[in-house]
Amino acid sequence: MGFFSKERLLLLFLGMFVALTMIGFAVGPSIAERSFNPSPLQTLPPLSDDVADLHKSLTVADLHADSLLWGRDLSVRSEDGYVDISRLLEGNVALQMFTVVTKVPTPLQLEGNADDSDNIIKLALLQRWPVTTWSSLKSRALYQARRLHNYARESSGQFSVIKTQGDLAAYLSARENNRQLSAGLLGLEGAHALEGNLDNVDRLFDAGFRMIGLAHFFDNEVGSSAHGLKQERLTPFGREVLKRSESLNMMIDLSHASVQTIDDVLAIARRPVMVSHTGVRGTCDNGRNLSDQQLQQIAQTGGLVAIGFWSTAVCGESVDDIVRAIAYTTDQIGIDHVALGSDFDGAVQLPFDVANIGQVTKGLLEAGFTQEDIQKIMGLNAVRFLEKMLPA
């Protein structure tokens, strides 16, 4: 048999296939994330000493980041994406809500998405998620939750996951003496991960989820999405999900929900509701953002509105655009109901990463907000909301 026998060619082909597959698994996740979460738009000037000192004195909280979706090890500082534990510490972020994405349609549109496609399966395969995640949205949520808990276990106490009022109080007390601590919470982006099973609310609660978003980019068994086809109301199953979630002291997130679904929740909710990442129509008029009436109704529940940092939310790509949306919202509903909801690592391009979130502090100060106002917007409002809403 010659050197180029069929057997040798087959072995050579298989070897090349294995090598290319290994290279794909090694570099593919990073390439994918860089395409969806491109680097910040610009290098912003460093903070002045006065602004830096003010920012370091704050208890900063951000209520939306999709960082668990990607293949990066969040315990290692990276130049990819927008959030990891090192950059949380650099940005003096005390609390970060890690929101779990389980399904996204393709193509992804601002309006008119159906639910019959699944772009997340590509990431699941590329990042070698467990086989159970290939077909189960609930399993995808639980897998990402385990990732966050693993980071906490491996951090030697530098990072923790908050699940109760007691956890929060103990953590904030410890952080008074050690600012090199950060903590995360788990939120669900879209109740389709419940797979139509009410008992899965309890399953996700047991896994550490403390916020449940009713919708994401398409309609589901709970209700309609602002980006979906139906634009209908909260379903009977959705009402059961709301009731069960409130009984467990899980926070209800109205981000991405349709106008009709939001109206229904506001009519029957017994606890304050929140919007973890949004813009407002008063500065950026589109179907994704909240109207003045919705803002006022959410505030009347004792709720919280967290302003996002991406262009669809604020109609711009600068810190000034973010601050403009924050200022408008505070004018509408008062300073005590406004927070930050960046959408870090949410397949969007932002002006800065979490290490540079002090740019918002700078922008608020330049816009005339008082230091007390800035303390509330940058985190104290979120802390007080969590103190009230988390399980005892």
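**Loop contacts and helix packing in a predicted model**

Beyond its neighbours within four places in sequence, Thr106 is in contact with Ser117 and Asn119. Contact here means heavy atoms within 4.5 Å. Thr106 lies in the loop between strand 2 (93-101) and helix 4 (120-126). Helices (H or I, at least four residues) and strands (E, at least two) are DSSP runs numbered from the N terminus. Thr106 and Asp118 are 12 residues apart along the chain, and their C-alpha atoms are separated by 6.7 Å. Thr106 is partly exposed, with a relative accessible area of 39%. Buried denotes under 20% relative accessible area, exposed over 50%, and partly exposed the range in between (1.4 Å probe, protein chains only).

The model is predicted: local features need pLDDT of at least 70, side-chain atom pairs count only at pLDDT 80 or more, and totals for chains, interfaces and linings use all residues. Residues are numbered from 1 along each chain as its sequence is written, and side-chain values use heavy atoms, with hydrogens and water left out.

The protein chain has 14 helices and nine strands. Its radius of gyration is 21 Å, close to the 21 Å that the globule rule gives for 392 residues, so the chain is as compact as a globular protein of that length. The radius is taken over C-alpha atoms, and the rule is 2.2 Å times the number of residues to the power 0.38. Along its principal axes, the C-alpha trace spans about 85 × 55 × 40 Å. Of the 392 residues, 56% count as buried. Among contacts in the chain with a separation of 6 or more, 72% join residues 24 or more positions apart.

Helix 13 (residues 358-366) packs with helix 2 (residues 49-57) at an angle of about 115°, with the axes 9 Å apart. Axes are lines fitted to C-alpha atoms, for helices over the stretch in contact, and angles run from 0 to 180 degrees between N-to-C directions. Helix 2 and helix 13 are therefore roughly perpendicular to each other. Angles under 35 degrees count as roughly parallel, over 145 as roughly antiparallel, 65 to 115 as roughly perpendicular and the rest as oblique. The crossing of helix 2 with helix 13 is right-handed. A crossing is right-handed if the near helix is turned clockwise from the far one by less than a right angle, and left-handed if anticlockwise. Val51, Leu54 and His55 of helix 2 meet Gly358, Thr361, Lys362 and Leu365 of helix 13. These residues divide into three nonpolar, three polar and one charged. Ala, Val, Leu, Ile, Met, Phe, Trp, Tyr, Cys and Pro count as nonpolar, Asp, Glu, Lys and Arg as charged, and the others, Gly among them, as polar.

Helix 13 also packs with helix 14 (residues 371-389). Their axes come within 10 Å and cross at roughly 150°. The two helices are therefore roughly antiparallel to each other. Their crossing is right-handed. Val360, Thr361, Leu364 and Leu365 of helix 13 make the contact with Ile374, Ile377 and Met378 of helix 14. By class, this contact has six nonpolar, one polar and no charged residues.

A further pair is helix 9 (residues 259-268) and helix 10 (residues 292-300), whose axes come within 11 Å and cross at roughly 25°. That makes helix 9 roughly parallel to helix 10. Helix 9 passes helix 10 in a left-handed crossing. Val259, Ile262, Asp263 and Leu266 of helix 9 meet Gln294, Gln297 and Ile298 of helix 10. The contact comprises four nonpolar, two polar and one charged residue.
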